Amino acid sequence: TMRILPSRAQLQMWKGKLTGASKGHDLLKRKLDGLKKTFNEVLHDILKTKKGLGDDMNEAVFALAEAQWGAGDFGRILVETVKRASNQVRLGLTPKGGVYLPVFHSKQELGDEATKQLGISGGGAAIQKCKEKFNKLLKLLITIAGLQSSFFTLDEIIKITSRRVNALENVVIPRIQGAIAYIKRELDELEREDFFRLKKVQDTKKKHIERERMQKENEDRAAAAEEESHNILNMEEKDADIIF
């Protein structure tokens, strides 16, 4: 625990900390709300995209069966002929909800394809249709992969931001408020002590002034009595000179 010295400067410092912590809490709270909104949007996109995944996969598998029925088993020829993938996936980042989310971009290379000789003897149209269906399915899977990556990224960031918000709300801000309350109590106690001390000094000063006044009055009375007795003696001396 940190030792707190109660003073006006410390009070202003802790009030500044409370202001900064409150602003940070509000900003993180708004960021958390935005992240949750983005998280729900990504989850909605995942569910929407996955709903169409089953139909596209069925169409692609059915098209593959048609191609194999028309052109035979051309899978071995593809494995021996194809040396480089025609679809390339590139990872990118996009700002959304105050964070950068991963996005996968698919790029299909054009040019001479190793599969152009397939289906010459038959089934060429079926192979082309199969290729289009699987390209469409591949793009959908890449989209889902990007959404899933964004989903896990947002989930982790939301957990971290929630912990920060809870720490500020339940630990940092109450601790600062407790320090401010302690400093105020100590300052009030010091003010009361100063007030009583000042009052005691004033009472002592009043007693001293009153004692000096009474002493002066006693001295004045004594001086007056002495002067009066002196006058009486003088009058008696003067009376003794009278002869009848």
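Is K159 buried, partly exposed or exposed? K159 is partly exposed, with a relative accessible area of 42%; here buried stands for under 20% relative accessible area, exposed for over 50%, and partly exposed for what falls in between (1.4 Å probe, protein chains only). Some notes on the rest follow.

1. A word on the source. This is a predicted model, in which local features need pLDDT of at least 70 and side-chain atom pairs count only at pLDDT 80 or more, while totals for chains, interfaces and linings use all residues. Residues are numbered from 1 along each chain as its sequence is written, and side-chain values use heavy atoms, with hydrogens and water left out.

2. The fold in outline. Three helices and two strands make up the secondary structure of the chain, in the order α-α-β-β-α along the sequence. Both kinds of element are DSSP runs numbered from the N terminus: helices are H or I with at least four residues, strands are E with at least two.

3. Burial and surface. The chain has 244 residues, and 20% of them count as buried.

4. Contacts along the sequence. Taking contacts (heavy atoms within 4.5 Å) between residues at least 6 apart in sequence, 78% join residues at least 24 apart.

5. D56 is buried at 14% relative accessibility, whereas K136 is partly exposed at 48%.

6. Back to K159. Its salt-bridge partner is D155, and the closest N and O atoms are 3.5 Å apart. D155 is partly exposed, at 25% relative accessibility.

7. R213 and E210 form a salt bridge at 2.2 Å, N to O. Both lie in helix 3, three residues apart, or about one turn of the helix. R213 is partly exposed at 39%, and E210 is partly exposed at 34%. Through salt bridges that share partners, E210, R213 and E217 are joined into one network.

Terms used. A salt bridge is a side-chain nitrogen of Lys or Arg within 4 Å of a carboxyl oxygen of Asp or Glu.
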